[in-house]
Every structure is written in C-alpha cells, then in structure tokens.
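Keep the model open as you read.

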Amino acid sequence: MQTLLINAAAILTVSTDGANSKRGADMRDLGILEDHALLIEDGKIADFIPSVSVNKSNFEQVIDLQGKTILPGLIDCHTHSVFAGSRADEFCMKLAGATYEDIARAGGGIRVTTEATRAASAEELLNLTEKRINYFVSLGVTSVEIKSGYGLNYDEEIKILRVIKSLQAQTPVDLIPTFLGAHIIPHEYSHRRDEYISLLTDHLIPFVGQHGLAKYCDVFCEETAYSAQETDHLFKCAIKHGLIPKIHTEQFHSVGGLETALANNAVSVDHLEVLDVSQIESIAKSNTTAVLLPGVSFFLKHLYAPARLLIDFGALVALATDFNPGSSHIPNLHLIMALGALQMGMTIEETIATVTINAANAIGLEKVTGSLEPGKQADLAVLDTDNYKDLLYTIGQNLNCMTIKKGKVIYQNTGFHQ
C-alpha cells in the first residue's frame, strides 16, 4: 500500500543521518523540508519527493495536507498510566503547603493509589487506561511507555502488566511495559523490608522476565523508597532475567542512584531535579538518556532539572509527562514541551527532539521510530498550522489534527477536510 502526503507547509524529519539520537547543537536541527511530499509504503517511510515531481495519479492513496506541518509521531517515554482512583484531596493539601514527602510520610501518596488500583478489576483498569491512551493519540503521540508500580504485591503487579499487554493487542500505538514493583515499600511490608525485596528478586522479577511481561525494570531510588545498595541488588537481578534497568533518581535527594544506574548501563535516568553540576559530565559521556519531567516540578512547585546544562554538556536528553495521579496529573505532552522551553531554558527545536528521537532512545525504539527517515515506521503527527513553532506558542490548545501510525490514520480531528 502506497500513501502520498502532499502540500504540507513543512516536514520536520528530525533526521539523524543514521545516528538515531540528537545531542548538543544538533538538537536544534530538525531537518526541515519544504515543497516536498512524503511517500509511505507498507507502513514505512519510503521517500521524500520534490513537489514539482509529484504525479498524484501514480499513487494508491493521496492525502492533501493543505499547508499543515508534519513531524514525527510524539513519544511519551515515562508514564504511570495504569491506575485507579483520585488524589484530588492531596492536591488541595499541596496547595496548602504540604510537600510530596510530607504527604507520603502521613500515609498518602502512592499508597492511596495502590489501594484503589488493587480494588479495581483488570477490566476496569483496561477501560480507564484505554481512554488515557486515546487522549495521548489525539495529541499526536504514537508510542507510550507504561509502568506498573501501583500493585506492589505479586498478584496486583502481574495484573497491571497483563492489562498493558492486553491494551497493546487492541490499540495501534506502541506500548512499552516497564516493571516498577520497586516503587515504594508497600505498607504491609513496612517492618519487613527485606521480605518485600526478596519477593521482587526471587519471584516477581523472574516471572516478569520469563513471561515477557516487561522490557524494563525500574526502581525509585530515593530516601522514602529504595537505597542505592538495594537498587543495585535489584538491577543485577533484573539483568540476570533479561530486563533492562531504568531508574527514578535525584528527584528530592541525591542518594547514589545516578551512579548506580550508570554502573548498570541503565537505558534512562529519570527526574534529576536535584542533579549536581559535578554529575552532569558522567551522564553526558554515557549512552543513557536523561529523561526530564517538568510536569512534576510544575505540579509540586519543585525544582526543575538542569536541562540547559545537560544539553550544553552533550547529554542525551528527553522529556516526558510522568503522567500519574499524584505528582504529575498531566497527560498533555504539548504542555510538557512548553514547560521545557519556558522553565528550563530549552529552544522549541530542542523540545521537539526530546519528545521524538531522544524519547525513542529512552524506550529502545530509536531504530524504528522517532524520526522521519527512510525505512523507519511511518509514525506521524500533523499540526494544523504552517508554523511548527505554534506547537508551543499556543499553550493550552491541541494543534494536532491527524495521527498516523505505521502508515495508517488512527486519529483525525473532525474539522480536518481534505
């Protein structure tokens, strides 16, 4: 099947010339093509054809984009999208001055969502999450990472991972599952910490690896969660069972998580709000993606990660929503990009690189998506504007009018007419 997209104002290829990532100054080069058509064949990018050479009659399907802008499908590389319940009451506590850690120590936070998620059936979780995925798609998102971590016992963690697997079978977007059984120590194990860690290493991680229920194993390394030593122990077990390490670290305190992650070749280090300048060079020298989550900083009125320094030092930087019910109840990746620009000193072009090719690196998809290069999946977002800068300028609006996954239109705004 051949599909030709014509009359776009611009095509942002985010081309990498085969490198499949962008660092430093290269993040500002989006490989913009004008006066070109984009040819899709069998679900993949086939070619870019000068508009003057196009003969529409030669193609099976032609989509006239009428001056709109094409960019790679967006990638949300850090979410906690499978959950039940609400923490709106805690949001009011935050507005009154309570910190994330204050709420956690008082028995709120992740524990509240865990109780609600355990009480929900797999079908209920699937229906809730499917609606969230559909919202992502309406924004032009074509790949999403989803973590477990709100089950925090054997049966409930497996339930969440199986919900993600079921969703993948019925949604067109790529869903990348991550096992986050090491989110916090569950309440019932608060005085039996070693027992829960043994449950993870002796039972859950081996089962998840054996049955292919996740690609990654994440750990929350923080004073209120897991120590660097415990994280290292969990990572070594995960690697043994075929899972690739990821980490939440340097969010509130520096407890050695970053160094542990790099020593275990983690695919990403996520958060980094309290990252010290002395640590930046070690990330920049690695192939580990620094996934920054400005929605958390905004939602919690917390520090923002040093994006400008990371980029200037040459680190591989991505942005993500961290969509979850407690610390970033923000599913809108466009807003996250705007926060990256307004609060973290990033250029518009850099934010686009962080949610396309660099986000693909954070979840192992960089060879198949994240940029518009021949041979990669035809994953596209189409903006209803002739100026890509409007994507961040029009804060609070959704300019995406069409989402294409593997060459097929999976979302189209009702106001779009060819």
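## The largest cavity

The largest cavity holds about 110 Å³ of space. A cavity here is a set of points on a 1 Å grid, over the protein atoms alone, where a 1.4 Å probe fits but cannot get out; points join across faces, edges and corners, and the volume is the space filled by probe spheres set on them. This is a predicted model, where local features need pLDDT of at least 70 and side-chain atom pairs 80 or more, while totals for chains, interfaces and linings use all residues. Residues are numbered from 1 along each chain as its sequence is written, and side-chain values use heavy atoms, with hydrogens and water left out.

Which residues lie nearest the centre of the largest cavity? They are His80, Tyr100, His183, Asn324 and Ser327, out of 14 lining residues (those with an atom within 4 Å of a point). The lining splits into 4 nonpolar, 8 polar and 2 charged. Nonpolar means Ala, Val, Leu, Ile, Met, Phe, Trp, Tyr, Cys and Pro; charged means Asp, Glu, Lys and Arg; the others, Gly among them, are polar.

## The second largest cavity

Among the residues lining it are Asn332, His334, Leu335, Leu391 and Gln397. Helices H12 (333–344) and H15 (390–393) each give two or more residues to this lining, with H12 supplying the largest share, 3 residues. Helices are DSSP runs (H or I, at least four residues) numbered from the N terminus. By class, the lining has 5 nonpolar, 5 polar and no charged residues.

## H5 against H6

H5 (residues 154–170) packs on H6 (residues 193–210) at about 25°, with axes 11 Å apart. Axes are lines fitted to C-alpha atoms over the stretch in contact, and angles run from 0 to 180 degrees between N-to-C directions. The two helices are therefore roughly parallel (under 35 degrees).

Tyr154, Glu157, Ile158, Leu161 and Arg162 of H5 touch Leu199, His203, Leu204, Phe207 and Val208 of H6, contact meaning heavy atoms within 4.5 Å. That contact has 7 nonpolar, 1 polar and 2 charged residues.

## H4 against H5

On the H4 side are Ala122, Leu125, Leu126, Thr129 and Glu130, and on the H5 side Lys159, Val163, Ser166, Leu167 and Gln170. Their classes are 5 nonpolar, 3 polar and 2 charged.

Notes
On a 1 Å grid over the protein atoms alone, a cavity is a set of points where a 1.4 Å probe fits but cannot get out, and a pocket is an open set with protein on both sides within 12 Å along at least five of seven lines; lining residues have an atom within 4 Å of a point. Angles under 35 degrees count as roughly parallel, over 145 as roughly antiparallel, 65 to 115 as roughly perpendicular and the rest as oblique.
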